Amino acid sequence: MPLDTSTYSLALLRLDGRRWNELRRMHAQISTQPTADGSSYLEMGNTKVICTVAGPAEGRKAGGGGGSGGDANAMVQVEIGIAGFSAVDRKRRARGDKRTSEMQVTVANAFSNTLFTHLYPHSTILITLHVLSQDGSLLAACLNASTLALIDAGVPMSDYVAACTSGSTSSYNSNDEAADPLLDLNGTEEQELPFLTVGTLGAGEKVSVLVMESRVQAMRLEGMLAVGVDGCKHVKEILDDVVRRHGKRILLERIKI
């Protein structure tokens with residue numbers, strides 16, 4: 001059934017009750033897996049991801065997964081597992097699924113350029129992501145969860161990688177020049193509307209990740225990107241608050257001891 005976007009004016013609400021520039025509810029925790037070097041759990045709307053980090057550890061990890069790094073730097077290895085029950089159709093993805101492989105490479109490249117990998121030569125940092133539920137912004141959720149897990153693991157980085165999606169209220173075929181931008185698309189909107197995933201470093205406007213898999217008129221792209229970068233700033237604030245609350249809790253526990 002086609003998505004009805006007739007009410008998607010800047011003055012009105014979307015189907016899930018949000019305005020055009022509102023993020024979905026975002027909940028996150030870190031240190032959720034005691035046996036891992038770093039771990040996190042993140043929800044963006046109904047998209048739910050668990051992330052664990054192993055390393056930096058000596059040696060290289062061979063085999064599948066996205067990897068990036070040189071001989072003088074640590075290799076960032078990413079593995080993404082998508083549960084068969086995570087989507088409505090309960091589709092089981094093959095191990096070499098093209099879309100999963102592309103996300104692995106994107107996450108690996110993003111953090112290879114953000115982490116201080118030169119401090120750990122000839123070593124591997126393994127990021128493992130488990131997708132429990134999908135409802136849009138999957139790549140953005142993986143990036144945000146990885147940021148928190150890497151911080152928990154104590155791997156030094158230049159800044160947070162904060163990501164979200166943005167889209168347009170009309171499809172490519174409609175050729176609507178008056179189409180408005182949207183922030184943080186859910187699964188239904190992603191199926192019907194053009195969208196992109198953008199990731200920035202910290203609270204600035206330096207884009208570290210930009211992925212777009214749908215067609216859109218060039219005149220709409222600037223507005224979509226501006227809305228996405230602004231959304232990343234809000235995501236960064238949420239991630240920073242999670243880290244600060246966790247650090248404060250640890251300090252209070254140590255003071256009691």
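Let's start with S168, which sits in strand β7, residues 161-168. Keep in mind, everyone, that this is a predicted model. Is S168 buried or exposed? Its relative accessible area is 1%, so S168 counts as buried, the cut-off being under 20%.

Who surrounds it? Setting aside the neighbours within four places in sequence, S168 is in contact with A179, D180, P181, L182, L193, P194, R220 and M224. Have a look at R220 in that list. R220 is 52 residues away from S168 along the chain, yet their C-alpha atoms are separated by 7.5 Å. The side chains of S168 and R220 are joined by a polar contact of 3.0 Å.

Now over to T106, in helix α1, which covers residues 98-112. Which backbone oxygen does the side chain of T106 reach? That of E102, at 2.9 Å. If we leave out residues up to four places away in sequence, T106 touches L139, V209 and V211.

Last, two serines with an interesting backbone angle. S31 is not a glycine, but its phi is positive, about 60°. S137 also has a positive phi, near 60°. Where do they sit? You'll find S31 in the loop between β1 (26-30) and β2 (38-44), while S137 lies in the loop between β6 (123-133) and α2 (138-153).

What about their accessibility? S31 has a relative accessible area of 35%, so S31 is partly exposed, as that value falls between the 20% and 50% cut-offs. S137, at 1% relative accessibility, counts as buried because that is under 20%.

Note on methods. Residues are numbered from 1 along each chain as its sequence is written. This is a predicted model: local features need pLDDT of at least 70, side-chain atom pairs count only at pLDDT 80 or more; totals for chains, interfaces and linings use all residues. Side-chain values use heavy atoms; hydrogens and water are left out. Helices (H or I, at least four residues) and strands (E, at least two) are DSSP runs, numbered from the N terminus. Buried means under 20% relative accessible area, exposed over 50%, partly exposed in between (1.4 Å probe, protein chains only). Contact means heavy atoms within 4.5 Å. A polar contact is a pair of N or O atoms within 3.5 Å; within protein, one must be able to donate a hydrogen and the other to accept it, and residues adjacent in sequence count only if both atoms are side-chain atoms.
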